[in-house]
Each structure stands twice: as C-alpha cells, then as structure tokens.
Amino acid sequence: MQAWRAKEAALELVWGDPIQSYAKLPSYFHILEATYPGSHIRLHKSEDDRFLYTFVALFTSIKGWEYCRPIVVVDGTFLKGAYKGTLLTANTLDAAGSILPLAYAIVDSENDASWRWFFEQFRDAFGQRLEMCIVSDRHASIIKAVSRVYDEVPHFACMWHLLQNIMKNFRKSQQRVTELFYSMAKTYTMTEFNQCMTIVEKIDKRIKDYLLNIGYNKWSRVHAEVNRTWMMTSNIAESVNSRTRHAKVLTVLHLLEFMRQLVQKWNNNNRSKATFSGFHLGKKYENILRRNKTASEKLRVIETNKYVYTVLDGITQFTVCLHQRTCTCGRFQLDELPCPHALAVLTIKHTGYEKYCSDYYTRKNLLLTYQFQMDPLPDESTWNTPTHVLEEVVLPPHGKRPPGRPKNKRHTQLREDGFKKAKITCSNCGQQDHNRKTCKNVRPYDQE
C-alpha cells in the first residue's frame, strides 16, 4: 500500500490530477475544434455532470476516408488509468495498405449502450457509403449496435477470432480444421469452398452446423454481400491497440492527446511516402502485382475473341474476360487487381495494367487521402477559451481504480500466446494424440 501510494503521487506529479483532467475536457475540445474545423467531437455526460462517453473524429480522417475502400474495422481495449474505462477505435486501410485511424472514443466499458452511442456518432461523422462494411470480433454488443445503427451495412466477423471459438468448442478436431477453415474463409470460388466444407463435415459435422448457423456470408470472402478484399481479420484495430498499450495508464486528457498525436504522426508520415512514391499503385498493392507478374510468366494464353482469353496453367484452364474484369480463378474480380492469368493476357496484348486496378489502390487516391495537413495543437498556456466553456462542469465517472497492482495484459488464450500444446503420448502403443485409457490399438507384446 505504501509503494502504491508513492506511485500514485509520482504519476500525479507527472500527468496531473485525474479529476482535473476531466475538468479540462471542454477547453481541450474547444481548442481541438478551433484547430481542426469540421471535426466531429462529442462529450456525453450524465444528469449530474459525470463523464460518460467522448468521441473524436478529426477532419483529416473524415475527408481522407472518402478516398479509401469503405471498410471499417472496430475494436476496444481496456484502460488502466485511475477511473479505468475502455478505448474504442475505428480504422481502415489507405491506398498503400497503411492504417488510417478514423475515430476513437472513451467509454465506460464494451456494452450495448456504449457501442450503440459510438456507431451513432460514427454515422453522424462519416455517414454511409455504397458497398460499406464493418469488420470486428463477434462481441455481442457490436453485433447489436451495427444491426440497429447500420442496419443496411453488412457486418463481417474476424476469421481469426471465429477460429478461436471453434477451437474452444470443438477441441478434438482443432488441429485438422485450422488450415481448412483459413482456406474456406479466403477461397475465391464456390467450388473450392464446397470442397473444403465437405472435408470439414467428414471430420466433425458439428463444425459445419456451427458455421452454417453463424452464416457463411459473415466470414467467407466468396459469400460476402460486398467485396471485403483482403480484410479478413481485425488485425489493424489490434495493431492500434498495441500501439496504445503504454498510454493506457494516462489520464483521460493525456490519452486523448496521445491519440491525436498518433493520428498526426501517421498522417504526416504517410503523406511524405505518397509524395515521393513513383509507382502507379500504393506500396502493398504494387508488391502484390509484382508477385502476380512473376507467376504469369509461366502461363500460356489462347485468344478466343477480342475480350475473352483462355489461360493454361499446366493442365488447369482459366478463362479471362478483360471487358468485365473477371477470371474463373476469382481473384481478378474479388481483389480488383489483375491476377496472374489476367496479367498474362495483358502481356501478350502489350496493354498496361493501370485501368484494370481499383482506384482505391492508386497513388492518386493516396495523395487525396492525406491532402489536408494536421497542424500541431497550441500550448495549453496560450489557449483562448471562452467563459461559457470554462464554466462547463465535467466530473469524473463514479468509481475509482482499487489499490493494488493493475493487470498489464488481459488473459490470453493458449494459441494467442504462441505456445504449442504439449503432445500426449500413449504409454500403451507409443503413438501420439491419445493416452492409455482411450487407446484402441493392440499392444506389441499382445501380438506375440
């Protein structure tokens, strides 16, 4: 207790009083809106002026999202400050495959009310776009909030989190199902999906029923209502959570400022990279195109008509239609990037690939995403805050962090930590994956 009180006193000297941090929020938000006009910033309090929620979507992120594919990845991470809470974030990818933070919020916890309020503010700030989708883990509150606020927008599940649920519910089949599940989720054609599902059904029919009950469209790329391209997991939101792991102990004001500085840093870095890039596509998609180009060199092309071509890959035959931008392999239309078969056709036609790539991957869209520069926030000593803002009262939420050492990490699953499960060896027959009690093999000396 003595050590804990000393640490609390030291943190207060460095970061200030947590109670005063809440009191400064109106002034901070006023300066934020003055520095970045057009931002969507909201503070929600209880009837007795207690802090409940806050939401921040900066103007640069709002305008930049217009030139990115309308895929939103959301997630939450717990805080370890004096009054705890949860940090919610919404993110997407730019034309170079880099993370673009769209919005962040501080709420009490991940519950129905907080997630619904978050998505209501997100809709007010960003609206709804054509072919928009939302990706997250299968948190019940997220599913409810999306269905109520974005009822016309598809909600997709992170395939990694879904696989963990399968591992937890069907332990005996987990080793054989892992690779099959990833193949099913990422496959480009219905034929390949059905082939994998047939194998899964033979291994454990309960897994097929479980996935069917969730809905194939929630986790399978080929069944999705809109094109989710490579966004099969919520990894980009997890990356943002990892980047903020050392800021979780900060007061609410310093945490919000940390997030603003993070957005500012990434915004400026990505703009510099885009300015000096000499390629037609962003870095990530330029690399994918190069790999496809290398794979296309061994293919043979047979012209059928002006737009349709037959491409032979060994004994396998694919049909490419340049007019409709399709290939029977499925990659051309789902990736919205020329597959190896399409590139083989473009090579013999001496035609460039540029017009067959999605605009969301181009350097032009990348420059437009970061066209607005983020200026630094003025020092607190120079803030010119109106009287009515200074008089606004914001009290800390009810409850305070209990004494004791707070957890630095959440409880992780065995597979998440990267440890391999210990192998079981039967003392009866010497084989693995079962013990003596469940052994059905004949002992060596019984054969004699």
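Predicted model: local features only at pLDDT ≥ 70, side-chain atom pairs only at ≥ 80, totals over all residues.
Reader: How many aromatic pairs does a search of the whole structure find?

Author: Ring centres must lie within 6.5 Å for a pair to count. With the whole structure searched, the number of aromatic pairs is 25.

Reader: What kind of pair do the rings of phenylalanine 55 and phenylalanine 118 form?

Author: A pair of aromatic rings is described by the distance of the centres and the angle of the planes. For phenylalanine 55 and phenylalanine 118, the centres are 5.5 Å apart and the planes stand at 65°. An angle over 60 degrees counts as edge-to-face. The pair is therefore edge-to-face.

Reader: How many residues apart in sequence are the parts that this pair of phenylalanine 55 and phenylalanine 118 ties together?

Author: Phenylalanine 55 belongs to strand E2, residues 51–57, and phenylalanine 118 to helix H5, residues 112–126. Phenylalanine 118 is buried, at 0% relative accessibility.

Reader: What is the angle between the planes of tryptophan 115 and phenylalanine 118?

Author: Tryptophan 115 is buried, with 0% relative accessibility. Tryptophan 115 and phenylalanine 118 are three residues apart in helix H5, so about one helical turn separates them. Their rings form an edge-to-face pair at 5.5 Å centre to centre, and the angle between the planes is 85°.

Reader: Which residues are linked into a cluster by ring pairs?

Author: Phenylalanine 55 pairs with phenylalanine 118, and phenylalanine 118 pairs with tryptophan 115. Ring pairs link these residues with others into a cluster, which consists of Tyr53, Phe55, Trp115, Trp117, Phe118, Phe119 and Tyr150.

Reader: How far apart are the end C-alpha atoms of H5?

Author: H5 has 15 residues, and at 1.5 Å a residue they should span 21 Å. The modelled distance between the end C-alpha atoms agrees with that span, at 21 Å.

Reader: Which residue follows H5, and what is its phi?

Author: At the start of H5, a side-chain oxygen of asparagine 111 comes to within 3.2 Å of the backbone nitrogen of alanine 113. The buried residues of the helix include Ser114, Gln121 and Phe126. After H5 comes glycine 127, with a positive phi near 70°.

Reader: Which ring does the charged end of lysine 248 sit over, and how far from its centre?

Author: A charge over a ring also occurs at arginine 129, whose charged end sits over the ring of tryptophan 65, 4.7 Å from the centre. The charged end of lysine 248 sits over the ring of phenylalanine 78, with a distance to the centre of 4.5 Å.

Reader: Which residues are in contact with leucine 255, leaving aside its neighbours within four places in sequence?

Author: Leucine 255 is in helix H12, residues 252–275, and is buried at a relative accessible area of 2%. Its C-alpha atom is 9.4 Å from that of leucine 87, a residue 168 places away along the chain. With neighbours within four places left aside, the residues in contact with leucine 255 are Leu79, Ile106, Ala247 and Leu250.

Reader: How far apart are the end C-alpha atoms of residues 318–350?

Author: An unreviewed UniProt entry lists residues 318–350 as "domain: SWIM-type". Over these residues the chain is 42% helix and 18% strand, and the distance between the end C-alpha atoms is 20 Å.

Reader: What is the relative accessible area of arginine 325?

Author: Arginine 325 is not a glycine, yet has a positive phi of about 60°. This residue is placed in the loop between strand E10 (316–321) and strand E11 (326–327). Arginine 325 is partly exposed, with a relative accessible area of 37%.

Reader: What is the phi of glutamate 336?

Author: Glutamate 336 is in the loop between helix H14 (331–335) and helix H15 (340–348). At 23% relative accessibility, glutamate 336 is partly exposed. Although glutamate 336 is a residue other than glycine, its phi is positive, near 55°.

Reader: What percentage of the residues in the protein is buried?

Author: The protein has 18 helices and 11 strands. Its C-alpha atoms fill a box of roughly 80 × 70 × 35 Å along the principal axes. Of the 448 residues in the protein, the buried ones make up 48%.

How values were computed. Residues numbered from 1 in each chain as written. Heavy atoms only, no water. Phe/Tyr/Trp six-rings, centres within 6.5 Å; stacked < 30°, edge-to-face > 60°. Helix = DSSP H or I, 4+ residues; strand = E, 2+ residues; numbered from the N terminus. Buried < 20%, exposed > 50% of the residue type's maximum accessible area, 1.4 Å probe, protein only. Lys NZ or Arg CZ within 6 Å of the ring centre and 35° of its normal. Expected span 1.5 Å × (residues − 1). Polar contact = N/O pair within 3.5 Å; in protein donor to acceptor, adjacent residues only side chain to side chain. UniProt positions renumbered as here; feature names shortened; annotations may be inferred. Contact = heavy atoms within 4.5 Å.
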